[in-house]
Amino acid sequence: MSIEMKQRPEKIRLNVYRFDPEVDKAPRIDSFDVPWVDGMTVLDTLFYVLEKRDGSLAFRYSCREGICGACAMYINGSHRLACETQVARLLDEGHAEVRVMPLPHLPVIKDLVVDMTRFWENYEAIAPWIVTRSADPEKEHLQSPEDRKLVDEYVGCILCGSCFSSCPSVWTGKEYLGPNALMKTWRWVADTRDSAAEERLGLVGNERGAWRCHTVFNCVEACPKDINQTTAIQGLKRRTVGAMLRGSKALKAGRKALER
Ligand code: F3S
């Protein structure tokens with residue numbers, strides 16, 4: 001069987017969003033021609049510009065292998081990780097050029113670097129750690145493979161902020177926790193080692209939390225790790241209503257019950 005090699009251009013046009021709020025009156029797009037290298041990613045093209053053409057270009061990255069979530073950007077009209085997005089794939093999708101924008105609907109600090117403060121504050125607000133009522137075990141809290149499967153998908157989140165940036169309820173509701181914090185709440189509610197499920201539901205069973213999700217599904221489409229945040233949020237709604245009907249006291253306990 002022969003493998004058909006596609007003809008690639010000698011160089012690719014990269015269009016990058018530029019904006020420094022401290023000196024620029026308005027954002028602009030800068031264009032650069034980047035020499036083609038087989039296997040190159042969008043992050044590689046940004047490095048080419050940084051090292052050879054314009055050392056002032058600002059972008060975030062760390063692991064370069066889709067684990068840290070730092071290089072989430074809006075690339076050719078979709079939320080993607082720059083380190084995992086092959087330029088060849090963009091061409092195969094029908095794009096003639098590469099266009100890189102910062103995560104939409106987040107304040108720009110500089111160029112492709114956005115302010116994630118609200119995202120991280122919301123994550124911290126849901127107490128993203130295990131809460132147990134029993135004495136600590138000698139080594140660790142063990143979990144069966146079957147129980148681990150209940151949370152596997154959600155543990156895979158790399159906190160890149162793509163879902164948060166894509167959600168209209170986040171854009172319009174300054175208090176809304178957003179799909180990531182809610183999905184991560186479900187991650188702990190569904191974790192059989194955690195003892196504070198109903199206190200967690202009390203944190204998010206309100207207008208700041210799950211009730212504000214209007215099942216738009218943008219978050220699911222934006223997630224580079226194929227996590228279904230909407231299913232998790234539906235789970236929160238279902239469980240919260242059940243706890244309310246039972247008159248759960250723990251629902252009212254609030255954040256204090258979750259402090260370490
Ligand atoms: Fe937003 Fe996702 Fe709900 S896009 S409205 S959190 S389904």
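Helices here are DSSP runs of H or I with at least four residues, numbered from the N terminus. The model is predicted.

**Exercise 1. Find which helices each supply at least two residues of the shell around the ligand.**

Solution. Start with the residues that come nearest to the ligand: C167, C213, H214, F217 and C219. They belong to a set of 13 residues around the ligand. Now turn to the helices. Two of them, α10 (218–222) and α11 (229–245), each give the shell at least two residues.

**Exercise 2. Work out the strand order of the open sheet, and explain why one side of β2 and of β4 lacks a neighbour.**

Solution. Strands of a sheet pair through backbone hydrogen bonds, parallel or antiparallel. This sheet has five strands, ordered β2-β1-β5-β3-β4, with mixed pairing. β2 (28–35) and β4 (78–81) are at the edges. Each has a single partner strand, so one of its sides has no neighbour in the sheet. On average, neighbouring strands are turned by 35 degrees against each other, direction ignored.

**Exercise 3. Follow the pairing of β3 with β5, then locate helix α1.**

Solution. Take β3 (residues 72–75) and β5 (residues 98–101). They run antiparallel and are joined by two bridges. Within this pair, Y74 is opposite M101 of β5. Next, find α1 (residues 42–53). Helix α1 lies across β1 (11–18), β2, β3 and β5. Its angle to β2 is about 95 degrees.

Terms used. Residues are numbered from 1 along each chain as its sequence is written. This is a predicted model: local features need pLDDT of at least 70, side-chain atom pairs count only at pLDDT 80 or more; totals for chains, interfaces and linings use all residues. Side-chain values use heavy atoms; hydrogens and water are left out. Two strands pair if DSSP finds at least two bridges between them. Axes are lines fitted to C-alpha atoms, for helices over the stretch in contact, and angles run from 0 to 180 degrees between N-to-C directions. Contact means heavy atoms within 4.5 Å. A residue is near a molecule or strand if one of its heavy atoms lies within 4 Å of it.
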